[in-house]
Structures are given as structure tokens and as C-alpha cells.
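I keep these entries as a record of what I looked up in one structure. Each entry takes up one topic.

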Amino acid sequence: MTQEQRSEESRQLYCRVITPERIVFDESADLVITRIADGDIGVMANHAPTISTVEIGEVRIRQGEEVKVFAVSDGFFKMSENLVQILVEEAVRPEDIDVEAAEHRIEEASRSLESLDRERPGWERIEREMERRRKVGENLVLVARRHGQQQ
């Protein structure tokens, strides 16, 4: 491998979006944008190593002129040696989002929050989880509508 090939290779960014069920995205990228604990981050090749949490929102991956979008739940973000790894519970392309199911998830979580027995031990943990489920559902609906679905 020539010095020029090594130099070109060192400028290539690679991105993986991983859920517990499968690898959702595993390709080269020019730019990866997502929301982490400190706000939105945009990562290109040779970005400084970074580890953070991923916030509920979307991941945008630019490959040339094409941008791939995923609605994501919370999770973890790692950038090191031109590899971005985003590990989340859910990552869904807008066209694959079932808006009706996401709206049902929101309603179900909202009902659970309203009927939560705050006398029950551990209610705070249940409240946090129901609030998280509601926010993930709202994000799915938002991303679906923002990127084409009108249901």
C-alpha cells in the first residue's frame, strides 16, 4: 500500500448503528450527525475520540449526496480511529416506522403515567421508564412525519 493510499484510507469514516437485535447500518460515511449529552455532534473523518450518551432523536448519515436517517432511542456513542459506533435500543428508518403503533405506544405510556401508584415502592423507576417510552414513541412519529410519512 502506498503512502497516498494509506493517507486516503485514514480519511475514510465508517459508521455502525447497532441495536440488540441487529446491525442496522454498517457502511462508510462522509458525515454522521446525532444528539449526544452535550448537544448535536457532527463527526467527519479524523474527528477526536469521543464517548457519550445518545439522546432520543435522529441519526443522519451523509454518504456523498445521499443522507440516511434513523429515528433512535437513547444509547451510547463512540468515535475512535474513524469508526463511529452508535448503540441504541431502537433505530428505525422513517419509511419503516409504523406511525399507528408509535401513537399507540405514546397513549399506553401516558395512561401508565396517569395511573401510576406513587405509593408503590420503586415508582420512580417505573415513571422514568414510562416517560422514556412516551418520548421514544413521540420521536418515531416526529421523524416519520419530518421525513415523508403523513399519517
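At roughly what angle do the axes of helix α2 and helix α3 cross? I found that the axes of α2 (residues 99-114) and α3 (residues 123-146) cross at roughly 155° and come within 8 Å. Axes are lines fitted to C-alpha atoms, for helices over the stretch in contact, and angles run from 0 to 180 degrees between N-to-C directions. The crossing angle makes α2 roughly antiparallel to α3 (angles over 145 degrees count as roughly antiparallel).

I note that the model is predicted, that local features need pLDDT of at least 70, that side-chain atom pairs count only at pLDDT 80 or more, and that totals for chains, interfaces and linings use all residues. Residues are numbered from 1 along each chain as its sequence is written, and side-chain values use heavy atoms, with hydrogens and water left out. Helices (H or I, at least four residues) and strands (E, at least two) are DSSP runs, numbered from the N terminus.

Among the residues that make it are Val99, Ala102, Arg105 and Ile106 of α2, and Met130, Arg133, Val136 and Leu140 of α3.

**Entry on Arg105**

I looked up Arg105, which belongs to helix α2. Arg105 has 26% relative accessibility and therefore counts as partly exposed (buried means under 20% relative accessible area, exposed over 50%, partly exposed in between, with a 1.4 Å probe and protein chains only). Apart from neighbours within four places in sequence, Arg105 touches Glu90, Arg133, Val136, Gly137 and Leu140. Its C-alpha atom is separated by 23 Å from that of Arg120, 15 residues apart along the chain.

**Entry on the loop between β8 and β9**

I turned to Glu81, in the loop between β8 (75-80) and β9 (83-88). Phi of Glu81 is near 50°, a positive value in a residue other than glycine. Asn82 lies in the loop between β8 and β9, and its phi, near 65°, is also positive. Is each of the two buried or exposed? Glu81 is exposed, at 77% relative accessibility, whereas Asn82 is buried, at 11%.

**Entry on aromatic rings**

I counted one aromatic pair (ring centres of Phe, Tyr or Trp, its six-membered ring, within 6.5 Å; planes over 60 degrees apart count as edge-to-face). The rings of Phe25 and Phe70 have centres 6.0 Å apart and planes at 65°, so the pair is edge-to-face. Phe25 lies in strand β2 (residues 23-29) and Phe70 in strand β7 (residues 66-72), so the pair ties together parts 45 residues apart in sequence. Phe25 is buried at 3%, and Phe70 is buried at 2%.

Conventions
Angles under 35 degrees count as roughly parallel, over 145 as roughly antiparallel, 65 to 115 as roughly perpendicular and the rest as oblique. Contact means heavy atoms within 4.5 Å. Rings of Phe, Tyr and Trp (its six-membered ring) pair if their centres lie within 6.5 Å; planes under 30 degrees apart count as stacked, over 60 as edge-to-face and the rest as tilted.
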